[in-house]
Amino acid sequence: IRISAGSGNNLTSNIVKANGTDGLNNGVLLLAGTKKNYFLNNTFTTYGTSNNSGVSIQGATNNTFINNTIFSGGSSSYNFGFELMPNSNFTLISGNNVSTNGSSSNHGISIAGSSNTLIYNNRFNGVENALDGSSNLWNITLTNGTNIVGGALIGGNYWGNYTGSDTNADGIGDTLIP
């Protein structure tokens, strides 16, 4: 799905599959000139050789992604669950299950040149879960409620390859914070 103009687009409860070999295959592509798009309860899956993203945001702002399942299954490098390119600011990413496979250059989420994005209560599973070269918020103040992995507090994100420990047994990692 390619959204290149307008604002306020809503996509709810859809299954989107992209499978190509020419690269740049995305489940959803949001381009500059669009903003305030809302994505809820969707499944975005990409397969191919390289340069595939479940969601690629390229200069679109003020977008919301809640409770989506995103998988990038490219067989080569540079495959991302979420990809936020420069000027894709003020995005909310919460309650999503994001996974990738392949090489160490594949990330659950990759952010370059975008800021003021709030990323919390997501499940990231991949070789490399996240890459963020910008200024973004990766958690909220701990709040009562069921989190993405069934715990009693909502706050940060679940990291599939987390090797730290939960020293106070509250379900939130306390050491080796990503």
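Biologist: In which sense do β11 and strand β14 (residues 97-100) pair, and over how many bridges?

Modeller: General idea to start with: two strands pair if DSSP finds at least two bridges between them. Here β11 and β14 are parallel, with four bridges, and I70 sits opposite V98 in β14. Keep in mind that this is a predicted model, where local features need pLDDT of at least 70, side-chain atom pairs count only at pLDDT 80 or more, and totals for chains, interfaces and linings use all residues. Residues are numbered from 1 along each chain as its sequence is written, and side-chain values use heavy atoms, with hydrogens and water left out.

Biologist: How many helices and strands are there in the protein?

Modeller: Both are DSSP runs numbered from the N terminus: helices are H or I with at least four residues, strands E with at least two. This protein has zero helices and 21 strands.

Biologist: In what order do the six strands of the open sheet come?

Modeller: Read across, the order is β1-β5-β9-β12-β15-β18, with parallel pairing. β1 (2-3) and β18 (128-132) are the edge strands, each pairing on one side only. Inside that order, six bridges join β5 (residues 25-31) to β9 (residues 52-58), and L29 stands opposite S56 in β9.

Biologist: Is N129 buried or exposed?

Modeller: Buried means under 20% relative accessible area, exposed over 50%, and partly exposed in between (1.4 Å probe, protein chains only). N129, in strand β18, counts as buried because its relative accessibility is 5%. For neighbours, a contact means heavy atoms within 4.5 Å. Leaving aside residues up to four places away in sequence, N129 touches H107, G108, I109, F124, W159, G160 and N161. Across the protein, buried residues make up 43% of the 178 residues.

Biologist: Which residues of β11 are on its covered face?

Modeller: I70 and S72 are on the covered face of β11 (residues 69-72), while T69 and F71 are on the uncovered one.

Biologist: What is the phi of N67 near?

Modeller: As a rule, most residues other than glycine have a negative phi. N67 has a positive one, near 60°. You'll find N67 in the loop between β10 (64-66) and β11, and it counts as partly exposed because its relative accessible area is 39%. N87 also has a positive phi, near 70°, and lies in the loop between β12 (79-84) and β13 (92-94).

Biologist: What share of the contacts with a separation of 6 or more comes from residues 24 or more positions apart?

Modeller: In this protein, such residues account for 70% of those contacts.
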